[in-house]
Amino acid sequence: MKICSITVDVDCLNSNFKGFGLRKPYYSYREFGLGIENILQFFDQYNVKATFFFVAKDMEIAENAFLLNEVAAAGHEIASHSYSHPQGFRLLPLEDKTYELRKSKEILEDLTGDEVIGFRAPGWNISDDALPVLRSLGFKYDSSVFPTSISILLKALHYYAMRRRDALTRSTLGKLYYLGSPSTPYRTEKQKLGKKGSSDFVEFPVQVTGLFRLPFFATFHLSYPSCVESGYKTIKNRNIINYQMHLSDFVDYTVEEFSQEIPQQAGSYLPLSLKLTLDEKKRIWNRVFRIIAEDYDYLPLKETLAYV
Ligand SMILES: [Zn+2]
């Protein structure tokens, strides 16, 4: 059986603009309900059971926690995207990393009554010292390593876009050596997340293409939709693929109600997912989901673990 795991980072504007450095004093979280509803509908059409990485702090708002349970009830996996989405996760002292991981796991498990075994760091910003912590807390896999050949370029672009911010919110992607990490899921070394070994811990790298290791995920496809089919050709022989998306991929931020929450200043950096209409985005997702469905079954990462 060939498996595709669709993985969704449930980032609200609150988390997005922590990273993009354009924070507003108040966020309505209105996109949370809209986005989740749209995702559940869309995934149903393609018989997708996915993995959702939630920021646990957002669940302190009752309506958000209610929606998380809707996601779980629809058969999707709930995993951790940290407690408070620190963009510079890799740069945090070990004590703070431990806190972010432990607290998120506790909150998410309390809500669903299910064990949380997966983690994705904010901004793929992870380092090897998180591995022993993840294992000691009972996590069984991570999906933060992004082994793309354009890591240095992505780091530079992000750094430039955030240049007025402090180091913690400016940082993105993990250790530089991860650009050479395996591009298919693997058991890690005991101490190295980016190296293949024989530990009981699994890394599901963010998908890159077979040729040139270009990103193969939703954000990249919003900018370069023509790479959907050509990129897919280079990976369709793989047994397992991991397609990353975000909540914002299913929200129409161009409507009036978000105009107060999205920075409008000319020249400010805004990701494309906040600028395109939902229909424009869904046209691309339909292409992606249709083509993948020809070769793969859609299962969450926790069910994919057994095949690594
Ligand atoms: Zn995130």
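This is a predicted model: local features need pLDDT of at least 70, side-chain atom pairs count only at pLDDT 80 or more; totals for chains, interfaces and linings use all residues.

Visitor: Okay, let's start inside. Which residues have the most contacts inside the largest nonpolar core?
Guide: Those are Val8, Phe52, Phe54 and Ile78, and the core itself has 68 residues.

Visitor: Take Ile78, then. What does it touch, skipping residues up to four places away in sequence?
Guide: Ile78 touches Phe52 and Phe54, along with Leu68, Val71, Ala72, Leu108, Thr112, Asp114 and Val116.

Visitor: Now helices. At what angle do α2 and α3 pack?
Guide: About 5 degrees, and their axes are 10 Å apart. Here α2 covers residues 30-45 and α3 covers residues 62-73. Because angles under 35 degrees count as roughly parallel, α2 is roughly parallel to α3.

Visitor: Which residues make that contact?
Guide: From α2 you have Phe32, Gly33, Ile36 and Leu40, and from α3 there are Glu63, Asn64, Leu67, Glu70 and Val71. Sorted by class, the contact has five nonpolar, two polar and two charged residues.

Visitor: Switching to α4. How many residues does it have, and how far does it reach?
Guide: α4 has 19 residues and reaches 27 Å from its first C-alpha to its last, close to the 27 Å expected.

Visitor: Which of its residues are buried?
Guide: The buried residues of α4 are Lys97, Glu100, Leu101, Ser104, Lys105, Ile107 and Leu108.

Visitor: And what covers them?
Guide: The cover includes β2 (51-54), β3, β4 (118-119) and α5 (130-136).

Visitor: What comes just after α4?
Guide: Gly113 does, with a positive phi of about 75 degrees.

Visitor: Which residues other than glycine have a positive phi?
Guide: Tyr29 is one of them, with phi near 60 degrees. His85 is another, with phi near 55 degrees.

Visitor: Where are those two?
Guide: Tyr29 is in the loop between α1 (13-20) and α2. You'll find His85 in the loop between β3 (77-80) and α4 (94-112).

Visitor: Why does His85 count as buried?
Guide: Because 24 other C-beta atoms lie within 10 Å of His85, and 20 or more makes a residue buried. Tyr29 has 17 other C-beta atoms within 10 Å, so Tyr29 is partly exposed.

Visitor: What about Arg90: where is it, and is it buried or exposed?
Guide: Arg90 is in the loop between β3 and α4. Arg90 is buried, with 24 other C-beta atoms within 10 Å.

Visitor: What is Arg90 in contact with, leaving aside neighbours within four places in sequence?
Guide: Asn125, Ile126, Ser127, Ser171 and Gly174. Arg90 and Gly123 are 33 residues apart in sequence, and their C-alpha atoms are 9.6 Å apart in space.

Visitor: Let's move on to Arg283. Where does it lie, and is it exposed or buried?
Guide: Arg283 lies in helix α10, residues 278-293. Arg283 counts as exposed, with 12 C-beta neighbours inside 10 Å.

Visitor: How far is Arg283 from Pro225?
Guide: Their C-alpha atoms are separated by 9.7 Å, and the two residues are 58 residues apart along the chain.

Notes. Residues are numbered from 1 along each chain as its sequence is written. A nonpolar core is a set of buried Ala, Val, Leu, Ile, Met, Phe, Trp, Tyr and Cys residues joined through C-beta atoms within 7 Å. Two residues are in contact if their C-beta atoms, placed from the backbone, lie within 7 Å. Axes are lines fitted to C-alpha atoms, for helices over the stretch in contact, and angles run from 0 to 180 degrees between N-to-C directions. Helices (H or I, at least four residues) and strands (E, at least two) are DSSP runs, numbered from the N terminus. Angles under 35 degrees count as roughly parallel, over 145 as roughly antiparallel, 65 to 115 as roughly perpendicular and the rest as oblique. Ala, Val, Leu, Ile, Met, Phe, Trp, Tyr, Cys and Pro count as nonpolar, Asp, Glu, Lys and Arg as charged, and the others, Gly among them, as polar. The expected span of a helix is 1.5 Å times one less than its number of residues.
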